[in-house]
Amino acid sequence: MTRRGVVLIVAVVLIAATAALLFAFDPFKWGPQPEPAPTYTIAIDAGHGGRDPGAVSDGIEEQEINLAIAGLVTALVNAEPDLVAVQIRTLDMFIPLEERIVRAEEAGAELYVTVHVNSYTTSEPEGVETIIDTTRELDDDGWVLGELIQHGVTEATGAVDRGTRSQESYLQRTEMPAVSVETGYITNDAERANLLNPEYQAKVAQGILNGIRQFIDWKYPPVSQE
Ligand SMILES: [Zn+2]
């Protein structure tokens with residue numbers, strides 16, 4: 001290499017190093033900084049699993065539908081800039097109910113949503129319903145979350161709206177808003193076919209996400225930049 005070449009390389013390296021230093025110690029960055037935007041942790045669970053398949057109809061296990069939809073909800077939640085999902089069950093495995101709540105709480109979740117599929121002894125019943133536990137007062141945030149998710153899913157899917165109601169449930173083991181979405185009836189032939197269809201599953205997931213989104217925006221109104 002010529003001497004001129006060496007000088008040129010040294011000059012380029014020096015300029016690059018100076019630029020990097022200036023960038024790293026940018027004096028403009030030392031002024032008051034805007035607060036980092038808060039992020040909210042959302043616990044998404046897939047009901048049943050492993051030795052507990054949930055309802056079974058026509059050879060289809062509830063747990064597999066729950067897992068598919070929960071995975072889609074998790075992806076949608078993680079696509080929101082201020083939300084982070086923690087998916088409690090990610091495999092076809094048994095997780096005790098109390099452990100599901102513990103995991104959500106240890107993750108610092110703002111809320112807990114578990115995905116289920118309904119069943120009945122006859123094939124007629126169909127539609128979506130959302131469950132909260134019987135210990136919740138009427139002004140508990142769990143009701144708000146449940147009603148927003150119920151509305152979100154029925155609006156996104158066009159499924160029959162069976163409403164939001166309370167029921168004895170392990171969801172009472174936490175104080176955070178906690179709901180169970182019964183996304184349809186596995187015992188209804190048309191609804192079971194829908195629930196196995198990835199496009200329909202995506203609509204259900206979008207509806208759940210819409211409810212979660214509305215809940216977070218209601219509970220933590222975005223701060224104006226003014
Ligand atoms: Zn279930």
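What is the volume of the second largest pocket? This legend set answers that and then turns to other close-ups of a predicted model.

**View A. The second largest pocket.** Its volume is about 240 Å³. The lining counts 16 residues. Closest to the centre of the pocket are His48, Leu97, His116, Tyr170 and Ser180. By class, the lining holds seven polar, five nonpolar and four charged residues.

**View B. Two loop residues with positive phi.** His48, one of the residues closest to the pocket centre, sits in the loop between strand 1 and strand 2 (56-57). Its phi is near 65 degrees, a positive value in a residue other than glycine. Asp58 lies in the loop between strand 2 and strand 3 (60-61). Asp58 is not a glycine either, yet its phi is positive, at about 55 degrees.

**View C. Helix 4 packed on helix 6.** Two packed helices are described by the angle between their axes and the distance between the axes. Here helix 4 (residues 141-157) meets helix 6 (residues 198-219) at an angle of about 145 degrees. The axes are 7 Å apart. The crossing is right-handed.

**View D. The residues between helix 4 and helix 6.** Helix 4 brings Asp141, Val144, Leu145, Leu148, Ile149, Gly152, Val153, Ala156 and Thr157 to the contact. From helix 6 come residues including Tyr200, Val204, Gly207, Ile208, Gly211, Phe215 and Trp218. Lys203 and Lys219 of helix 6 also take part. In total the contact has 12 nonpolar, five polar and three charged residues.

View E. The structure holds three aromatic pairs. A pair of aromatic rings is described by the distance of the centres and the angle of the planes. Tyr40 belongs to strand 1 (residues 40-46), while Tyr220 is in the segment after helix 6. The pair links distant parts of the chain, 180 residues apart.

Note on methods:
Residues numbered from 1 in each chain as written. Predicted model: local features only at pLDDT ≥ 70, side-chain atom pairs only at ≥ 80, totals over all residues. Heavy atoms only, no water. Axes fitted to C-alpha atoms, helices over the stretch in contact; angles between N-to-C directions. Helix = DSSP H or I, 4+ residues; strand = E, 2+ residues; numbered from the N terminus. Left-handed = near helix turned anticlockwise from the far one by under 90°. Contact = heavy atoms within 4.5 Å. Nonpolar A, V, L, I, M, F, W, Y, C, P; charged D, E, K, R; others polar. 1 Å grid on protein atoms, 1.4 Å probe; cavity = no way out; pocket = protein on both sides within 12 Å on 5 of 7 lines; lining within 4 Å. Points joined across faces, edges and corners; volume = space filled by probe spheres on them. Phe/Tyr/Trp six-rings, centres within 6.5 Å; stacked < 30°, edge-to-face > 60°.
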